[in-house]
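Here is a short report on one protein model. Please look over the sequence and the fold before reading on.

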Amino acid sequence: MNELFCKAIISIWHHICKKSSFFILTLTARLTVSPSRSQFFKGDFVSLSCEEDDSSAGWTLRRNTSKQQRTQCGDGWGTSVNSSCDISYIVERDSGVYWCESREGPISNMVNLTVTGGSVILQSPVLPVMEGDDVTLLCKTKTTPSNLPAAFYKDGSLIRKQPTGHMTIQHVSRSDEGLYKCDISGHGESPSSWITVTGDTLTCLCFCRFQHSQCDDNLMTVFALF
């Protein structure tokens with residue numbers, strides 16, 4: 001479980017789980033990332049957008065990083081452009097969990113972005129992958145061609161070595177969920193990114209007035225217990 005993800009969820013629920021003992025919140029906005037990946041080189045341009053079902057909801061893009069909690073776009077980072085937030089020169093301290101939040105409480109999906117000052121990244125899906133879909137991972141360097149031989153790892157164990165720097169997982173299932181990274185000899189290793197596999201629409205559950213907090217294993221349903 002990603003610690004920043006849990007902190008983001010729990011900090012949101014502290015704002016909405018005040019009076020009632022039970023909420024079911026369906027996510028009514030979708031956060032997208034362009035380019036659509038979860039890892040970036042320092043200096044890359046990144047645009048995040050809230051795709052809204054209800055344009056009157058007043059969506060705000062927020063993030064949790066290792067240094068800051070629930071800060072919004074424009075508050076020391078990013079530039080708001082309509083329903084998007086542009087980060088013109090992303091750096092390591094921008095690594096964290098990002099989401100859209102409305103005045104009424106509902107939130108979007110969350111995305112976890114990782115920024116590296118190194119020379120290798122793993123291009124992997126930033127959003128959950130549907131069961132049965134094919135997923136292609138690309139191991140990429142900052143300055144050299146993207147077809148260099150690469151080794152791919154899941155949860156710390158070598159999966160396979162590929163001569164062209166990309167690997168396709170066919171017909172993904174829940175067993176394919178995990179922490180992935182790659183390595184290119186002579187260039188280095190990428191950071192790790194979690195790949196989530198889902199078969200359901202995202203729904204968040206909030207239970208209040210208890211004494212501790214817990215996030216479930218697949219990052220899809222969250223129980224915030226106070």
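## Overall make-up

This is a predicted model; local features need pLDDT of at least 70, side-chain atom pairs count only at pLDDT 80 or more, and totals for chains, interfaces and linings use all residues. Residues are numbered from 1 along each chain as its sequence is written, and side-chain values use heavy atoms, with hydrogens and water left out.

The protein has one helix and 23 strands. Helices (H or I, at least four residues) and strands (E, at least two) are DSSP runs, numbered from the N terminus. Of the 226 residues, 46% count as buried. Buried means under 20% relative accessible area, exposed means over 50%, and partly exposed lies in between (1.4 Å probe, protein chains only). The protein exposes about 11200 Å². Carbon and sulfur atoms supply 47% of that area. Accessible areas come from the Shrake-Rupley method with a 1.4 Å probe; for residues, only the protein chains shown count as cover.

## Confidence

The average pLDDT is 80, and 73% of the residues score at least 70. Over residues 12-25 the pLDDT is below 50; beyond near neighbours in sequence, this stretch has 41 contacts in the model. Over residues 201-226 the pLDDT is also below 50, with 79 contacts beyond near neighbours in sequence. The score is the predictor's confidence in each residue, from 0 to 100. Where pLDDT is low, the predicted coordinates should not be read in detail.

## Strand S5 and its partners

Strand S5 covers residues 60-65, and five of its six residues are buried. Which strands pair with S5? One is S9 (residues 96-101), antiparallel over six bridges. Another is S6 (residues 71-72), antiparallel over two bridges. Two strands pair if DSSP finds at least two bridges between them.

Arg-63 takes part on both sides. Its bridge partner in S9 is Tyr-98, and Arg-63 stands opposite Thr-71 in S6. The hairpin of S5 and S6 has five residues between the strands. There, Arg-70 takes a positive phi near 55°.

## Salt bridges

A search of the whole structure finds seven salt bridges. Each is a side-chain nitrogen of Lys or Arg within 4 Å of a carboxyl oxygen of Asp or Glu. The table gives some of them.

| Pair | N to O distance |
|---|---|
| Asp-44 and Arg-37 | 2.9 Å |
| Arg-62 and Glu-101 | 3.5 Å |
| Lys-181 and Glu-189 | 3.4 Å |

Arg-62, Arg-70 and Glu-101 are linked in a network of salt bridges. Asp-44 and Arg-37 are both buried. Glu-189 counts as partly exposed because its relative accessibility is 46%.

## A loop residue

Thr-143 lies in the loop between strand S13 (135-141) and strand S14 (150-154). Is Thr-143 buried or exposed? Thr-143 counts as exposed, because its relative accessibility is 73%. Thr-143 and Ser-119 are 24 residues apart in sequence. In space, their C-alpha atoms are 7.8 Å apart.

Terms used
Contact = heavy atoms within 4.5 Å.
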